[in-house]
Amino acid sequence: MQPTISIPQHWPYPRFALEQRTEQGIILGLYYYPSGTELAEQFDDGWRYVLMPNKNSDEISYLKEAQIQPLTPEELFQQITAEIEFYQRQISILRQQLVVLTGGFTNA
């Protein structure tokens, strides 16, 4: 079963999705300040996003929707390709370690 998020019909739909990669980082969370609430009066109504600049950081930023820039398809392709290459190198290193550990006898 896929997890779902319900958004009240009278709220606008968020522009960005959870785990989406943006120029500012990866979206980890989002929340909404409905108009007419104290928070909306203090900080403006609308969606806020929780972003992590990179997966190796403990830094978090909270940005309004207008402050976030999506990646171009080319930038997204480059990021994903680089991540795939990184993990392929890690897998290769782990396989080499297995060969050394097992004396060359593996099922891989």
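Which residues make up the largest nonpolar core? In this predicted model, the largest nonpolar core has 8 residues: Phe16, Ile27, Tyr32, Trp47, Tyr49, Leu51, Leu63 and Ile68. A nonpolar core here is a set of buried Ala, Val, Leu, Ile, Met, Phe, Trp, Tyr and Cys residues joined through side-chain atoms within 4.5 Å. Strand 3 gives this core its largest share, 3 residues.

**Ground rules**
- Since the model is predicted, local features need pLDDT of at least 70 and side-chain atom pairs count only at pLDDT 80 or more, while totals for chains, interfaces and linings use all residues.
- Numbering starts from 1 along each chain as its sequence is written, and side-chain values use heavy atoms, with hydrogens and water left out.

**The sheet**
- There are 4 strands in an open sheet, ordered 1-2-3-4 with antiparallel pairing; strands are DSSP runs of E, at least two residues, numbered from the N terminus, and two of them pair if DSSP finds at least two bridges between them.
- At the edges sit strand 1 (21-22) and strand 4 (61-64), each pairing on one side only.
- Strand 2 (residues 25-33) is joined to strand 3 by 7 bridges, and Tyr32 has Trp47 as its bridge partner there.
- Strand 3 pairs with strand 4 over 4 bridges, with Val50 opposite Tyr62 and Arg48 partnered with Lys64.
- As a rule, side chains in a regular strand alternate between the two faces of the sheet.

**Strand 3 is tucked away**
- 7 of the 7 residues of strand 3 are buried, so the strand is largely enclosed by the rest of the structure; buried means under 20% relative accessible area with a 1.4 Å probe, protein chains only.

**Arg48, the charged one inside**
- Arg48 belongs to strand 3 (residues 46-52) and is buried without a salt bridge, which would take a side-chain nitrogen of Lys or Arg within 4 Å of a carboxyl oxygen of Asp or Glu.
- Its nearest side chain of opposite charge, Asp44, is 5.2 Å away.
- Leaving aside residues up to four places away in sequence, Arg48 touches Gly29, Leu30, Tyr31, Tyr33, Phe43, Leu63 and Lys64, where contact means heavy atoms within 4.5 Å.

- Leu63 is one of the core residues, and its contacts beyond four places in sequence include Arg48, Trp47, Tyr49, Leu51 and Ile68.

Terms used
Buried means under 20% relative accessible area, exposed over 50%, partly exposed in between (1.4 Å probe, protein chains only). Lys and Arg count as positive and Asp and Glu as negative; His and the chain ends are not counted.
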